[in-house]
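Here are a few notes to go with the model we talked about.

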Amino acid sequence: MRKLEAFSKAGYLILPGNSQWIVPNSIINLSKLEKAWNCGNPINYISRSNLSRHYLEFGTFWGRSFYTNFFKFSDWLKGDFFAFDSFSGLSQPLEIEEKYSAYDFQKGNYNCNKKTFEAIGTLLKCDFSRIKVIPGYFSESLKNTNQLLKSLKPHSVSVCYIYCDLLEPTLEVLTFVEDLLEPGALIYFDDWRLCRASSLAGERGAAIEWLNKNHKFELIEFDRTNWQSQWFIFQNNC
């Protein structure tokens with residue numbers, strides 16, 4: 001999909017020839033209990049912790065993580081699944097983020113247009129009555145005037161999946177969700193250790209800045225599947 005970004009920017013609809021490449025039937029066809037026990041620690045934690053509300057993902061690209069998590073979590077989470085993305089690629093990175101990512105983080109990279117993202121969900125036969133697609137850069141799309149966000153109430157988010165890459169949009173997301181997260185909610189940072197795990201850049205830098213401003217918040221290390229990512233359990237110790 002990275003190689004096809006020029007076509008996405010030009011507005012072409014891009015679909016894989018086989019939906020198994022996105023989410024395999026080995027996940028889709030599992031029962032509710034099988035998903036809880038066989039699809040990793042995060043879904044097992046959700047199932048055993050009575051967390052059952054909304055799922056939010058920020059930075060969906062073309063949807064591999066979003067749609068995979070939809071099938072993993074949707075039997076246990078009874079809320080909606082929100083997909084937030086500019087659908088125009090990354091915003092402008094900091095100079096340090098460009099350098100520390102070996103210049104992979106560039107404005108406009110990781111571009112997937114909205115019609116491709118939604119068509120992939122249709123190919124997978126997702127229940128779109130439970131999916132809300134929120135287009136636009138977060139500085140605009142997360143404003144409280146956005147009517148698509150009206151169902152998001154305080155403490156109504158059980159899983160927050162952050163795939164923003166950069167400090168500024170990640171900080172915008174954390175500020176947006178701080179009153180929405182329920183106690184014990186899961187927060188995932190896909191690029192926690194990218195940008196050299198700097199405290200001045202990337203997702204980790206944003207989280208450190210956010211925690212320094214909110215001493216009542218706690219992120220408890222939970223799980224990870226590779227060197228760059230990290231799951232946390234959120235607590236508000238007020």
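**Notes on the model**

1. Let's start with helix 7. Among the things covering its buried residues are helix 5 (64-73), strand 2 (81-85) and strand 3 (131-135). Helices (H or I, at least four residues) and strands (E, at least two) are DSSP runs, numbered from the N terminus.

2. A word on the ground rules. This is a predicted model, so local features need pLDDT of at least 70 and side-chain atom pairs count only at pLDDT 80 or more, while totals for chains, interfaces and linings use all residues. Residues are numbered from 1 along each chain as its sequence is written, and side-chain values use heavy atoms, with hydrogens and water left out.

3. Which residues of helix 7 are buried? In this helix (residues 114-123) they are Thr 116, Phe 117, Ala 119, Ile 120 and Gly 121. Buried means under 20% relative accessible area, exposed over 50%, and partly exposed in between (1.4 Å probe, protein chains only). Just after helix 7, look for Lys 125, with a positive phi of about 60°.

4. Now go to Leu 4, in the segment before helix 1 (5-9). Leu 4 counts as partly exposed because its relative accessibility is 32%.

5. Last stop: Arg 204, found in helix 10 (residues 202-213). Its relative accessibility is 26%, so Arg 204 counts as partly exposed. Leaving aside neighbours within four places in sequence, Arg 204 is in contact (heavy atoms within 4.5 Å) with Trp 192, Ala 197, Ser 198 and Ser 199. A polar atom of the Arg 204 side chain lies 2.7 Å from the backbone oxygen of Ala 197.

Conventions. A polar contact is a pair of N or O atoms within 3.5 Å; within protein, one must be able to donate a hydrogen and the other to accept it, and residues adjacent in sequence count only if both atoms are side-chain atoms.
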